[in-house]
Amino acid sequence: ATLPATRTPVARATVTPQVTGTPATSVTAPANCKHAAVLLADVTVQDGENIPRGSKFTKTWKFRNTGTCPWTGYKIAFASGDRMEAPDTAPVPSTQPKADVNVSVELTAPLSDGLYTGFYELRNAAGSVVPIGIEKTFWVKITVGNATLPTGQAPINPAPTTSGTLTSQ
């Protein structure tokens, strides 16, 4: 049997994927590669920065992939502390070993004066926590309203030294 020569075409929807960060390339992780990171800087919102009550703000951290695995499918995840309307997770752009990446999360300052700290984890595609130097978490720490950090308190996010060991700034 043959089909008739005149056939009505079928409409097909097309979807254009939205790519953010570094476009993913065909990357195969080396066998037994190491997942590791170091926090290089608080890019926005320094520890103890005063944020007006109820204001939306973006917290951005700068990380270096110090492991041997490329970061594909990585996320940062809210772990504990003051949520500040943080999403459960936020994507990390694909990052090659020894490369740096900025990771951001949208937050909202609480309505009451005080000190607020939210703790986050870096997780690989399998959902396992990736160490940040010697730490398992990193954080955002803000003040709201008339609250201030105690005098003499150093920022709590560690920064790498040239040896790769973390120290407080």
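The points below take up the basis of the values, then the aromatic pairs, then the salt bridges.

1. The model is a predicted one, in which local features need pLDDT of at least 70 and side-chain atom pairs count only at pLDDT 80 or more, whereas totals for chains, interfaces and linings use all residues. Residues are numbered from 1 along each chain as its sequence is written, and side-chain values use heavy atoms, with hydrogens and water left out.

2. A search of the whole structure gives 7 aromatic pairs, a pair being two rings of Phe, Tyr or Trp (for Trp, the six-membered ring) with centres within 6.5 Å, called stacked when the planes are under 30 degrees apart, edge-to-face when over 60, and tilted otherwise. One of them joins Trp 61 and Phe 138 edge-to-face, with 4.9 Å from centre to centre and 80 degrees between the planes. This pair links distant parts of the chain, since Trp 61 belongs to strand E3 (residues 56–65) and Phe 138 to strand E9 (residues 138–144), 77 residues apart; strands here are DSSP runs of at least two residues, numbered from the N terminus.

3. Both Trp 61 and Phe 138 are buried, where buried means under 20% relative accessible area, exposed means over 50%, and partly exposed lies in between (1.4 Å probe, protein chains only). The pair of Trp 71 and Tyr 74 is stacked, because the ring centres are 5.0 Å apart and the planes stand at 20 degrees; Trp 71 and Tyr 74 are likewise buried.

4. Ring pairs also connect Trp 61, Phe 63, Phe 78, Tyr 120 and Phe 138 into a cluster.

5. The structure holds 5 salt bridges, each defined as a side-chain nitrogen of Lys or Arg within 4 Å of a carboxyl oxygen of Asp or Glu. Among them is that of Arg 53 with Asp 113, whose closest N and O atoms are 2.7 Å apart. Arg 53 counts as partly exposed at 46% relative accessibility, as does Asp 113 at 35%.

6. Another salt bridge brings together the side chains of Asp 88 and Arg 83, at 3.3 Å from N to O. Here Asp 88 counts as exposed, at 55% relative accessibility, while Arg 83 counts as partly exposed, at 34%.

7. In the salt bridge of Arg 123 with Glu 121, the closest N and O atoms are 2.7 Å apart. Arg 123 is partly exposed at 27% relative accessibility, but Glu 121, at 16%, counts as buried.

Technical notes: Helices (H or I, at least four residues) and strands (E, at least two) are DSSP runs, numbered from the N terminus.
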